[in-house]
Amino acid sequence: MQRRKFLKLTAAGTTAALSGLTSSSVFAQAKIVIKATDVHPTGYPTVAAVEAMGKKLEAASNGRISIQMFPSMQLGGEKEMIEQAQVGALQIARISVGPMGPLVPEFNVFNLPFVFRDVGHMEKVIDGEIGTDLLNKLTNHPTAGLIGLCYMNAGVRNVYNSKRPIKDLADLKGLKIRMMGNPLFVDTMNSLGGNGVAMGFDQLINGMQTGVVDGAENNEPSYDSGQHYRYAKFYSNTGHLMIPEILVYSKKSFEALSKDDQALVLKLSKEAQKEQRALWNAREAESRKKMVEAGAVINDVGDKKTFQDAVKPVWEKYGAAHKALIEKIQAIK
Ligand code: BDP
């Protein structure tokens, strides 16, 4: 389908060239279909917010610009999404900040376990100067090939598994827990006493079915929408990570847009950030309810402090180079 569209565009260009129009005037009018992708399904807050952004783009451009959404990992897991955005095979990827740490090391500060005091703290950081600085770091990165558009909420990540509730660190012993692809997360799980296994989100259900892993960790909406309760019914509120999401735009594709179109995309992505937040808050509450109905067994951990103390080596390893940034985050009240 994409190929057909491309051929149509080329044919329009040729006809215009033959009829004496300059190609730039033709391509200024050419329709722009922005391919967007997300690991989550239709109806998930991040997907809905990007779709709403598409409607606004269409309205603001008289139908010239639109977003075509590919939800539910149709274009692969996050690693594949990032790679495709880098080469311009797709334009918008909605990804977690998680896998961005190895690319822009400052992002690993957001990935440090227990770095944010609560959701309000995290929101202040991403909405403020630090959030903007980090998005710019990504945009200005010499080889990343991505433009950082905006952030989105993703709640708190908790451990779930098929064997037992996690109340204390000892309960994690011997459990193989899937983590996102970034060594920081494997180190985090190992320091908590479990066995961290790096794996794509797209491999997780298979991993749980075959017993390659005993469980994973994620926010309630991901656990609910992926029906992970079917394979790992013990959901324990470890709250070890609070990682914002991010919308990235292919730099290659972005540079091909006119300045006005670039400004429009940037403006509407900021609106999408706000809209997603409202959708997120509603969805979190809904998912918690659905999890219980689906038979998930939910528990709080005993002493949170023991979890926070256990991850100190992770802070030393990944935080040492970013002391000033960490202090700046901690100073935000
Ligand atoms: C979800 C994020 C998604 C990640 C996924 C994961 O929304 O971007 O791919 O976690 O664990 O919460 O990989």
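How many aromatic pairs does a search of the whole structure find? The count is nine, with rings of Phe, Tyr and Trp (its six-membered ring) pairing if their centres lie within 6.5 Å. Some notes follow.

1. Ground rules. This is a predicted model, where local features need pLDDT of at least 70, side-chain atom pairs count only at pLDDT 80 or more, and totals for chains, interfaces and linings use all residues. Residues are numbered from 1 along each chain as its sequence is written, and side-chain values use heavy atoms, with hydrogens and water left out.

2. The Y44–W280 pair. A pair of aromatic rings is described by the distance of the centres and the angle of the planes. For Y44 and W280 the centres are 6.1 Å apart and the planes make 65 degrees, so the pair is edge-to-face (planes over 60 degrees apart; under 30 counts as stacked and the rest as tilted). Y44 sits in the loop between β1 (32-37) and α3 (45-60), while W280 belongs to helix α12 (residues 259-293), so this pair ties together parts that are 236 residues apart in sequence. Helices here are DSSP runs of H or I with at least four residues, strands are runs of E with at least two, and both are numbered from the N terminus. Both Y44 and W280 are buried, meaning under 20% relative accessible area, with exposed over 50% and partly exposed in between (1.4 Å probe, protein chains only).

3. More on W280. Its relative accessible area is 1%. Setting aside neighbours within four places in sequence, W280 is in contact with Y44, P45, N153, A154, G155, N219 and P221, where contact means heavy atoms within 4.5 Å. W280 and A49 are 231 residues apart in sequence, yet their C-alpha atoms are 9.8 Å apart in space.

4. F114 lies in the loop between α5 and α6 (119-127). F114 is buried at 17% relative accessible area, and its phi is near 60 degrees, a positive value in a residue other than glycine.

5. Other backbone spots to look at. Most residues other than glycine have a negative phi, and most peptide bonds are trans. N62 is not a glycine, but has a positive phi of about 50 degrees. You'll find N62 in the loop between α3 and β2 (65-70), and at 76% relative accessibility N62 counts as exposed.

6. Helix α8. Which residues of helix α8 (residues 183-191) are buried? They are L184, F185, V186, T188 and M189. Their cover includes α5 (107-110), β5 (157-161), β6 (176-179), β7 (195-198), β9 (234-241) and α14 (312-319).

7. M152. This residue lies in strand β4 (residues 146-152) and is buried, with a relative accessible area of 1%. Not counting residues up to four places away in sequence, M152 touches T46, A49, V50, R94, P244, E245, L247, A272 and Q276. M152 and Q86 are 66 residues apart along the chain, with their C-alpha atoms separated by 21 Å.

8. Two partly exposed residues. V33, in strand β1, is partly exposed at 24% relative accessibility. N136, in helix α7 (residues 129-139), is partly exposed too, with a relative accessible area of 37%.

9. The chain overall. The protein chain has 15 helices and 11 strands. Its radius of gyration is 21 Å, close to the 20 Å that the globule rule gives for 333 residues, so the chain is as compact as a globular protein of that length. The radius is taken over C-alpha atoms, and the rule is 2.2 Å times the number of residues to the power 0.38. Of the 333 residues, 51% count as buried. Among contacts with a separation of 6 or more, 74% come from residues 24 or more positions apart.

10. Charges. There are 41 positive and 34 negative side chains in the protein chain, and the centres of the two sets lie 4 Å apart. Lys and Arg count as positive and Asp and Glu as negative, while His and the chain ends are not counted. The place of a charge is taken as NZ of Lys, CZ of Arg, CG of Asp or CD of Glu.
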